[in-house]
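Could you walk me through this model, telling me what to select at each stop? I have it open in a viewer and would like a short tour.

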Amino acid sequence: MLRVSLSQLSTQFRRFIAIGLAVLLAVAFLSSTLMVGASTQASLGASVGEAYRKAQLVVTPKDGGGLSQAAVDAAASAPAVAGSYAERYAAVTIDDGGSEQIARVRNLAPAAMEPSVLLSGRYPAAADEAAVDSTTAGRLGLSTGSELTVGTAGAPTVAGKPRTLTFRITGLLQPSNDPFAAPFPQLLAADGTVASLASGSAGQGSEGHGGTGFTGLQLQLKDGQDQAAAVGYLGQRLKAAGAGDALVQTSGEKVTAAVAQMSGGQDQLTIILLAFAGVAIVVSTLVVANTFSVLVAQRTRELALLRCLGAGKAQIRSSVLFEAAVLGLVSSVLGVLAGAGLMAALIAWARTTPEQSFATLAVPPSAIIAGLLAGTLLTVVAALLPAKAATAVAPLAALRPSDDASLRNKRGRVRLWLGLAALAAGVPLLVLGAMFNMLLLAMPAGALSFVGVLLCASLFIPPAVAAAGKLASPAGVPGRLAAVNAVRNPARTSATAAALLIGVTLVTLMMTGAATSRQAFNAMLAENYPVDLAVRVDGADGADTAALRKIEALDGVQAAVLLKAAGTITAPGTAADGSPVFAISPGDAAAVLRDPALRPQADTVYLPERLVLGKVTVTGAGGTHSFAGRTLRTGSIEPLMDSTTAAPLLGGPAGTPGTAGSAQSASPAGALPRAAWLKLDDGLSAERIQAIQREAAAAFGVPVHNVSGAAVERVVFNSIIDVLLLVVTALLGIAVVIALIGVANTLSLSVLERTRENSLLRALGLTRGQLRGMLAIEAVLVAGVAAVLGSALGIAYGWLGAKAALGPVADVVPVVPWLQLLGVFAVAVVAGLLASVVPARRAARLSPVQGLATT
Amino acid sequence: MLSKHYGKADAQVKALDGVSVAFEAGRFTAIMGPSGSGKSTLMHCLAGLDTPDAGRIVLGGTEISALNDRQLTALRRERIGFVFQAFNLVPTLSAEQNITLPLALAGSTADPAWFDYIVGTLGLKDRLTHRPHELSGGQQQRVAVARALLTRPDVVFGDEPTGNLDSKAGGEVLAMLRRSSQELGQTIIMVTHDPVAASYADRVVLMSDGHLVGELENPTADSVLAALGKLGA
């Protein structure tokens, strides 16, 4: 029997291409998803590991703390230790083309332990020498011998000016890919210099003052020392030195831990991708099952012959399953290879950009094993029902034309009941999952209900096609024949339509889901980040209007408004005490606020989410008044009120508010802070936004850090959405291709099956053109009905799915992308047409006599 | 007394209506009759492909009308050979693989001497590696005959085995069947409506409207035609 299966596969492999392709795509998707996760980890490991490449052991202080000199000495002086490097960092500011930028200064390690790579020059030796990474050097026009002046960030100013230090550049370094260092300009200086810089900067978390706080200690062991023993021994010594909570790890462990800490979000991406891969696998399974059914139906006579020759039911079943297993395995191997190839290409592409040069391809065994297992199992599971159908073939069928399965036979009825049961269980659970935002309930329930829909396809598709068939009657005899033909064999019509239904439902689901999610995300972003940029303005207000005009004229600025604080909040003992409340007119609110729901109402003060007050007392120049407090679901906004409501606060004579002690002491007495709020164009780059920030600060003559706002965050969020949508689109493409393969296959096989009856019609006087027209109309009828039903299902599933997934974080309003749906409908109809055209031509070319002789 | 009905109530067709017949071992018997006479139904029942509504069928001591599907499968594999009118061969297997298929299904292998003898006798030696579509109609039927004979079954059933062949190829196949009956003692039961084909048999059983209506020993084409003519009258 195996021989029969193998001969089937080798001689009829064209029939199996469609199945193989569907499996291949799903497996490639799955295994490349798993490789994305592993490759990201490997890439991170490669980049994090750079900092520790000369070390065997790494001592890390307890989170956020520092290592004392005593602890470093205790560990470094251990007999097993050959070399040590106590790391420390200082943050400085450098003048980067007019704007201040934070740079990171690291102390130089002993020569044997220094992890950086020197491109030119030498390492710094004297206190006023430094090496800088080549990227920064290029940007700032630095070379060996030039000077760089840095400001000590965050240090108290001396006589109104920040303390500065001038370095002479001694060498250029290869830029580090370490994700902790890479975002900043990287400087390397002598230990003493870094220590004095670090001691001056507050908020570094260093414990001891006077430059004794080290962020970590890298150790090299003497040859032949046991690492595990050294870890324990060093732990003891550190404990004795009062740093018992410091962690001693091998450099490998340290890298693994750092990667694990950093890749939490990455894991979520992998999970989301896996969910999509799961959908692709479900689609493939349905397409494969459908195609296998048709293949088995086509082989009815052959199977019956085998039964006549003494093949048992078990043999028939196992032969079909064996075919499926071989086919699944071969397709899975190709799928895994395709997935690996895709990832290798992506990684190679990523490596061409300098920031991603550490990208590393990792092919975890799990990606290979999961791909092979999933693909093979998918095919075998999909073949289970067709295999069962194959065993039901009676030996007599070899001698008689077989009767097609219809509603009236037992199998049809069992299927129907199963389908109704799946619907009865799936639909309420899906709705429940969507209402209560339980994705883990909604997803399997949705899949179950869709399986129910497919099992019941023979219940609703034939009547729907028959109803649509009435539209075809103006096309004359071929039209009427097509309408009758399309429903003459309900099982075949249902199977053909179901394949297309799967594809269309999925595509529509994705489109509706994506549109709905995007809408929800945008609404959420607008609520969380109502203001793009806010400039805090202090000092005299004479030039405000001119500055505002200047900002409004900037490229990328849509609107800019100037707000004045009406007063400050009086709420002793709370964080709100002393906060200024800004007044905004309704027109200004509409112009700059992203959240359409945020339009200040009368007698209400709107508070950021960190401030929760039921009643707000505000003191302004015109007196003290109380208003209702409403806390918004956003942290990135200042307390806010309507300008009309604020009028009484401003009205009175100028005077110092009663709460002067806790009010903004930085601003001159009596002058409440002012602010300029900006709304930017959509789709600006992060660089452009930073430029606008600088220019806005310059216009008002305030430091850049006076400009805050969510514009950059919005860009980041939007790029995340774009990436997610890209992933969805990629999945969409794959699912569409899989579905189209199924459609084309089912339709062409279905036309092939009817060679005889079409020849009979030809013998009875149907012209070739009429025959072609008849088949085309029939295909369009089936495809159109499947597209319409699928769109309706997809909209429902997409909305419920988006609600289940995003319900907890955003309000989900269904958005139906009509234009895209129209496109789907057109594609489905054209796919149906195309799938029927080639076989129709073949049927039309065949002479009636030849066709009738075919058995 | 075999009976087999199709349909229900008004539309009922009695395909077999109380047929009682014996086929001797080692002989070549033809079942003849006009279309709808029940000859095919009789053969299907005899071969265990169909079950009678009433009556018993005994093959060499085994009552096959009482067997379940598994037993029937084994019976078809080991004790019965088939030659059909068309679609006799699995299109994806070579001639040799088709011939040995029943043995492969049973998990056994062919006796090489017996295989060579049959293949030689049927003139298929240089055709063994060909696929069915590379063989002529007559060659395909001879492959089917070889397959039926290879398992040394108790009985070989032929269902219009020459129906799709021209008279020369058909004659060759029929001669081969008669030879295997005479030289090897193979029991053969063949359904046909062709008097010439029936004349190759040792005995002809005539059927009409589900009844047994006569039989001929050592028939000729003429005697069969005459007997059929009487039926029609």
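Which residues are buried in helix 14 of chain A? Select the helix and you will find Ala457(A), Ser458(A), Ile461(A), Pro462(A), Val465(A), Ala468(A) and Gly469(A). Buried here means under 20% relative accessible area, exposed over 50%, and partly exposed in between, with a 1.4 Å probe and protein chains only. Look down the axis of helix 14 of chain A: its buried residues fall within an arc of 130°, so they line one face of the helix. That arc is taken over the directions from the helix axis to the C-beta atoms. An α-helix has 3.6 residues a turn, so residues three or four places apart point the same way.

A word on ground rules: this is a predicted model, in which local features need pLDDT of at least 70 and side-chain atom pairs count only at pLDDT 80 or more, while totals for chains, interfaces and linings use all residues. Residues are numbered from 1 along each chain as its sequence is written, chains are lettered from A and ligands numbered from 1 in the order in which they are written, and side-chain values use heavy atoms, with hydrogens and water left out.

Next, select Asn107(A), in strand 4 (residues 99-107) of chain A. Helices (H or I, at least four residues) and strands (E, at least two) are DSSP runs, numbered from the N terminus. Asn107(A) counts as buried because its relative accessibility is 1%.

Now move to Leu361(A), in the loop between helix 10 (313-351) and helix 11 (365-391) of chain A. Leu361(A) counts as partly exposed because its relative accessibility is 35%.

Finally, zoom out to compare the chains one at a time. Chain A has 25 helices and 20 strands, and 49% of its 855 residues are buried. Its accessible surface (Shrake-Rupley method, 1.4 Å probe; for residues, only the protein chains shown count as cover) comes to about 37,300 Å², with 64% belonging to carbon and sulfur atoms. Chain B has nine helices and ten strands, and 52% of its 233 residues are buried. The accessible surface of chain B comes to about 10,100 Å², with 50% belonging to carbon and sulfur atoms.
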